[in-house]
2 protein chains.
Amino acid sequence: MRDVDGVFKALADPSRRELLDRLYARNGQTLTELCSGLAMARQSVSQHLEVLEAANLISVEWQGREKLHYVNPVPIHQIYERWIRKYEEQRLTALHNFKSKLERK
Amino acid sequence: MRDVDGVFKALADPSRRELLDRLYARNGQTLTELCSGLAMARQSVSQHLEVLEAANLISVEWQGREKLHYVNPVPIHQIYERWIRKYEEQRLTALHNFKSKLERK
DNA sequence: TTGACATGCAGTCTACTACCTGCGTATTAT
DNA sequence: ATAATACGCAGGTAGTAGACTGCATGTCAA
């Protein structure tokens with residue numbers, strides 16, 4: 001349950017976020033497809049994908065010699081639920097206080 | 001605008017998330033207050049706070065020799081807006097498809 | 001069957017990160 | 001005025017992360 005850490009760490013790298021974006025744009029891409037257009041060696045991309053997979057942000061399906069990658073949106077949702085919504089409330093409270101202050105003038 | 005990276009990196013460390021949580025529980029704490037109960041040297045905490053400040057996740061106000069720290073929920077909201085909501089939609093779509101599949105049975 | 005293709009495994013190099021310690025400076029309290 | 005307090009600055013170290021190269025393995029196609 002406390003694998004929040006892995007998710008945050010996985011998301012902390014811009015290359016990994018781009019990979020997620022690419023998968024979001026078209027799901028089920030292979031490793032070499034994901035490599036194309038990136039200024040990185042295949043091995044680097046592969047490592048990044050491993051990190052994303054370890055964080056459960058993507059899932060993998062083998063099809064012959066090809067490795068297909070799929071986004072898994074669940075961990076991101078959990079991050080939101082367990083971590084962001086709390087701060088969201090404070091933000092809205094702050095906003096509300098700010099408005100009230102304005103109105104009292 | 002693309003300082004998303006700094007925010008993600010700042011959030012990637014559990015110590016920094018705990019510091020944010022502590023500030024969320026009680027805003028406006030000083031450095032030494034934030035240090036108390038943590039198994040870390042003051043300097044380490046200070047460095048973490050610098051990272052959070054650089055990511056604009058906290059703001060700082062000097063009062064004499066004391067440094068007061070305040071949470072800034074805006075960047076987290078931006079992360080949500082620009083990065084999470086998108087995946088949220090896909091998650092709901094996936095959920096919807098899943099339900100439809102069940103119903104077709 | 002042989003060659004091309006998709007990927008994995010292992011090792012290396014560099015840079016950064018998260019710690020620390022020691023010392024310096026400014027502010028408050030006695 | 002002096003001591004205690006709150007903090008910053010500089011520097012040092014161990015571990016890790018991100019990139020690479022080279023080679024091995026498994027799969028498909030001619």
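**DNA strand D**

I started with the residues around DNA strand D in this predicted model. There are 19 of them, and A:A41, A:S44, A:G64, B:T30 and B:T32 come nearest. Next I sorted that surface by element. On chain A, α4 (42–54) supplies at least two residues, and on chain B so do α3 (31–35), α4 (42–54) and β2 (66–71). I noted that α4(A) has the largest share, at five residues. I also looked up the classes near DNA strand D and found 10 polar, five charged and four nonpolar residues.

**Chain A against chain B**

I then turned to the contact between the two chains, which takes 20 residues from chain A and 20 residues from chain B. On the chain A side, α1 (4–11), α2 (14–25) and α5 (74–104) each bring at least two residues. Of these, α5(A) gives the most, with 11 residues. By class, I have 13 nonpolar, five charged and two polar residues on the side of chain A that touches chain B.

**Helix α2 of chain B**

My last stop was α2 of chain B, residues 14–25, where I checked the length. At 1.5 Å a residue, its 12 residues should span 16 Å, and the end C-alpha atoms are 16 Å apart, so the two agree. Which residues of α2(B) are buried? I found B:R16, B:L19, B:L20 and B:L23. Looking down the axis of α2(B), I see the buried residues fall within an arc of 100 degrees, so they line one face of the helix. What do the buried residues of α2(B) pack against? My list for chain B reads α1 (4–11), α3, α4, β1 (58–63) and β2.

Conventions. Residues numbered from 1 in each chain as written. Chains lettered and ligands numbered in written order. Predicted model: local features only at pLDDT ≥ 70, side-chain atom pairs only at ≥ 80, totals over all residues. Near = placed C-beta within 6 Å. Helix = DSSP H or I, 4+ residues; strand = E, 2+ residues; numbered from the N terminus. Nonpolar A, V, L, I, M, F, W, Y, C, P; charged D, E, K, R; others polar. Contact = placed C-beta atoms within 7 Å. Expected span 1.5 Å × (residues − 1). Buried ≥ 20, exposed ≤ 12 C-beta atoms within 10 Å, placed from the backbone. Arc of directions from axis to C-beta.
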